[in-house]
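User: Could you walk me through reading domains, helix packing and a ligand shell in a protein model? I would like the general idea first and then the case at hand.

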Amino acid sequence: MNSESMSSFRVTPWEVEGVVDYKKLLEDFGAYEITGELLSTIKEIAGELHLLLSRRIFYAHRDLDLVLKDYIEGKRFFLYTGIAPSKSTMHLGHITPFILTQWLQEKFKVNAYIMIPDEEKYLAKKTESLRRVDELVNRTILDIIALGFDSDRTFIFKDREYIKHLYTAAVVVARRINWSLVKAVFGFNGETSIGLIFYPALQIVPTLFEKKRCLIPYGIDQDPYFRVQRDVAPKIGYYKTAGIMSKFIPGLEGIDSKMSASKPETAIFLSDDPKVAAKKVMNAFTGGQPTVKEQREKGGNPDICCVFQWFKILFEPSNEALEERYRKCINGEILCGECKIELAQRVEEFLICHQRKVRDAERLKDKFLYDGKLAQRMWNWEFKY
Ligand code: SF4
């Protein structure tokens with residue numbers, strides 16, 4: 001089922017509407033909160049805990065316990081994630097699954113497969129043309145590489161280029177998914193393009209690249225794909241995929257808004273001019289009071305403040321500093337303008353640094369796509385059926 005039923009919000013892989021109740025979403029999707037015990041196991045193995053985990057931005061999972069058990073028993077696992085280019089380059093709302101995937105790869109020394117579905121958004125009619133998608137693919141790949149992946153343990157592939165290797169497995173998967181199931185899970189209807197109806201089979205294929213458990217970090221809106229995978233995989237002799245799911249990063253317009261490519265003022269794009277991005281931050285929605293006097297007297301509300309959430313999710317590595325900002329905010333000891341200036345500086349610095357890495361990524365690109373150890377192996381991969 002999708003999350004529409006009995007709720008005032010709706011979450012599908014293509015749309016998020018309303019104020020998301022993350023606990024309710026877990027009930028709807030049949031997933032679990034990541035426990036303190038699981039976090040301790042990760043910390044024991046990795047030597048530390050990524051802030052996206054310790055701050056519960058990635059807050060839910062399926063079978064993460066089994067992945068860790070396999071790892072401890074020496075069976076290892078592999079990682080899979082991806083992004084479908086549509087109207088714009090990646091924005092900050094897209095990068096948390098990649099940041100966590102890169103971190104898990106580094107700490108656990110495992111392979112990561114990154115799918116670039118260069119057909120999905122076209123089939124979903126979320127982009128004006130296939131040509132526009134193609135224009136965005138190269139920059140998307142460079143943005144991903146710039147996040148620090150290991151070129152010998154990562155394979156980045158574009159669906160339309162790699163399709164010969166994917167198609168046999170997709171056919172085997174597709175035979176086991178019927179129309180009633182995809183209709184119920186994805187909300188497809190008579191207007192849905194026939195390409196999109198087949199697409200879930202294709203997105204499942206990378207979970208079959210190795211005969212090990214696959215762990216997928218993803219935004220919780222992508223969950224329907226992987227619930228279908230869990231239904232099909234055991235029927236063809238593969239593991240149900242494990243998942244680790246994140247909340248959404250709010251857009252600049254409010255805590256319940258999403259960054260949107262069609263509303264550039266709501267999002268910071270990785271290709272934004274750093275100075276322009278800093279200006280956007282200065283217009284962000286905050287949890288502050290209408291006047292300085294009231295702010296000093298009553299304090300602000302960091303829980304509904306986009307600026308505070310952005311510090312929490314990506315831009316404040318120090319727990320002490322984050323707690324201090326929270327305390328100062330609710331006590332009226334800090335003004336929103338001060339917070340916004342600090343965040344704007346950090347966003348600007350991040351973009352300057354990221355864009356330098358994107359330029360360096362150009363010379364590494366072929367390793368990730370074709371020549372690195374894993375990429376070479378995958379260009380000889382065939383699905384055994
Ligand atoms: Fe947000 Fe800072 Fe304003 Fe508090 S003072 S509401 S944290 S911007």
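Here is a short walk through the domains, the helix pairs and the ligand shell.

User: What should I know about the model and its numbering?

Analyst: This is a predicted model, in which local features need pLDDT of at least 70 and side-chain atom pairs count only at pLDDT 80 or more, while totals for chains, interfaces and linings use all residues. Residues are numbered from 1 along each chain as its sequence is written.

User: Into which domains is the protein chain divided?

Analyst: Domain bounds come from an automatic or database domain assignment. Here the protein chain splits into domain 1 (10–252) and domain 2 (264–360), and their C-alpha centres are 28 Å apart.

User: How many residues of each domain are in contact?

Analyst: Two residues are in contact if their C-beta atoms, placed from the backbone, lie within 7 Å. By that rule, 18 residues of domain 1 touch 20 residues of domain 2. On the domain 1 side, helix H5 (92–108) and helix H7 (130–145) each supply at least two residues. Helices here are DSSP runs (H or I, at least four residues), numbered from the N terminus. That side of domain 1 has 9 nonpolar, 6 polar and 3 charged residues. Ala, Val, Leu, Ile, Met, Phe, Trp, Tyr, Cys and Pro count as nonpolar, Asp, Glu, Lys and Arg as charged, and the others, Gly among them, as polar.

User: At what angle do the axes of H9 and H11 cross?

Analyst: Axes are lines fitted to C-alpha atoms, for helices over the stretch in contact, and angles run from 0 to 180 degrees between N-to-C directions. Helix H9 (residues 179–186) and helix H11 (residues 223–232) cross at roughly 150 degrees, with axes that come within 10 Å. H9 and H11 are therefore roughly antiparallel; angles over 145 degrees count as such, under 35 as roughly parallel, 65 to 115 as roughly perpendicular and the rest as oblique. Leu181, Val185 and Phe186 of H9 meet Pro224, Arg227 and Val228 of H11. That contact holds 5 nonpolar, no polar and 1 charged residue.

User: Which residues of H10 and H11 make their contact?

Analyst: Start with the geometry: the axes of helix H10 (residues 194–204) and H11 come within 9 Å and cross at roughly 70 degrees, which makes H10 roughly perpendicular to H11. Pro200, Gln203 and Ile204 of H10 contact Tyr225, Val228, Gln229 and Val232 of H11.

User: How do H14 and H15 pack?

Analyst: Their axes are 11 Å apart, at an angle of about 165 degrees, so H14 is roughly antiparallel to H15. Phe308, Phe311 and Lys312 of H14 meet Leu322, Arg325 and Cys329 of H15. The classes in this contact are 4 nonpolar, no polar and 2 charged.

User: Which residues are closest to the ligand?

Analyst: A residue is near a molecule if its C-beta atom, placed from the backbone, lies within 6 Å of it. The ligand is surrounded by 13 residues, the closest being Gly300, Cys305, Cys329, Cys336 and Cys339. Helix H14 (306–315), helix H15 (319–330) and helix H16 (336–361) each supply at least two residues of the shell. Its residues divide into 8 nonpolar, 4 polar and 1 charged.
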